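Hi there,

Here is the structure I promised to pass on. Have a look at it first, and then read my notes below.

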Amino acid sequence: MVVLAKPAALEQISLLRTPEPWETFSGVPAVDLSGPDAAGDVVRACEQFGFFSVVNHGVPAGVVDRLEAEAVRFFASSQAVKDASAPAGADPFGYGSKRIGRNGDMGWLEYLLLAIDRDALSEKASRAATSTALRDAINEYVVAMRGLARTVLEMVADGLGVSPRGALADMVTGDASDQVFRLNHYPPCPLLQGLPPSCSVTGFGEHTDPQLVSILHSNGIAGLQVALHDGRWVSVPPNRDAFFVNVGDSLQVLTNGRLKSVRHRVVAGSGLKSRVSMIYFGGPPLAQRIAPLPQLLAGLPLYREFTWGEYKKAAYRSRLGDNRLAPFEEP
Ligand code: GA4
């Protein structure tokens, strides 16, 4: 088992003591992408939860398994090897442990954060992914995720009556799109051993994703929780065979609030097994203007226009749990 370095930093990571008992939620919509009204199902799930799983997605299990095995291998390598992949310059890409972003957020995890250029790792990201096998597995996986993001966003457009149907999908799969990929490893937290099971530690603190859409896969170990629209936090039952899709802030704005980005977080436990997740974040080109689509404007726009570059810059100055859209809301 891999043990994270510098466990002393744990005092900066909040222990959650379940002030509210969260339930395992059986109501996460599972959208069958090959179903007769998949577009309607996607839109309903995005409206109700901002979150859903997809089945019959067409992504071969081998693509997922190969990357998961390489991710486990990477995180099991020596701390020196992983530290050699830590970010060098101003950008946040590379290996990180416990520190999330630049403004003091901490979580019980280690990760590899990578920039994607079109359909493969960017040149810099290629250096951070240490082996050829890991790079190949990520590149293969990212191609599948771009395809899935495209399918989902075309269905969103179809379901909402936006034309052309590629209007949203093109934003995340165009040549200049700002795509990010992250591998997360949440080892069991030794300090929780002997404490009641109601104790858990923050793995990744609550937040919404700034992009249009994020697609997550995990290795069947629980930990992901989402906030329902009534504010209740629920645990998402893991499913190795599905992908989980999150609506991000940018899609919320483009749909003038009809689809809502979902607040989510990960808690680490004391169990024996690590949680490993891989997430593709579909963002638009930096110059892309983000504003409610005219076709979806029944009344007044709820947000003022910004570029993805502006929003991203503001996001990187924020704390994880901040409401990043608040400054862009129309009064
Ligand atoms: C949340 C979604 C993605 O994981 C991410 C995160 C980014 C980071 O880890 O560097 C951020 C976070 C995320 C939003 C606010 C800022 C930036 C950490 C943070 C405190 C890669 C992203 O794009 O935004």
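How many bridges join E8 to strand E15 (residues 275-283)? There are 9 of them, and the two strands run antiparallel. One of the partners is Tyr186, whose bridge partner in E15 is Arg275.

Before going on, a word on the source: this is a predicted model, where local features need pLDDT of at least 70, side-chain atom pairs count only at pLDDT 80 or more, and totals for chains, interfaces and linings use all residues. Residues are numbered from 1 along each chain as its sequence is written, and side-chain values use heavy atoms, with hydrogens and water left out.

Strands (E, at least two residues) and helices (H or I, at least four) are DSSP runs numbered from the N terminus, and two strands pair if DSSP finds at least two bridges between them. E8 also pairs with strand E6 (residues 105-117), antiparallel again, through 7 bridges. There, Ile116 stands opposite Gln179 of E8.

Strand E8 (residues 178-186) is largely enclosed by the rest of the structure, because 9 of its 9 residues are buried (under 20% relative accessible area, with a 1.4 Å probe and protein chains only). Asp178, Val180, Arg182, Asn184 and Tyr186 point one way, while Gln179, Phe181, Leu183 and His185 point the other. In a regular strand, side chains alternate between the two faces of the sheet.

Finally, Ser177 sits in the loop between helix H6 (169-173) and E8. With 6% relative accessibility, Ser177 counts as buried. Its side chain reaches the backbone nitrogen of Gly174 at 3.0 Å.

Enjoy exploring!

Notes: Buried means under 20% relative accessible area, exposed over 50%, partly exposed in between (1.4 Å probe, protein chains only). A polar contact is a pair of N or O atoms within 3.5 Å; within protein, one must be able to donate a hydrogen and the other to accept it, and residues adjacent in sequence count only if both atoms are side-chain atoms.
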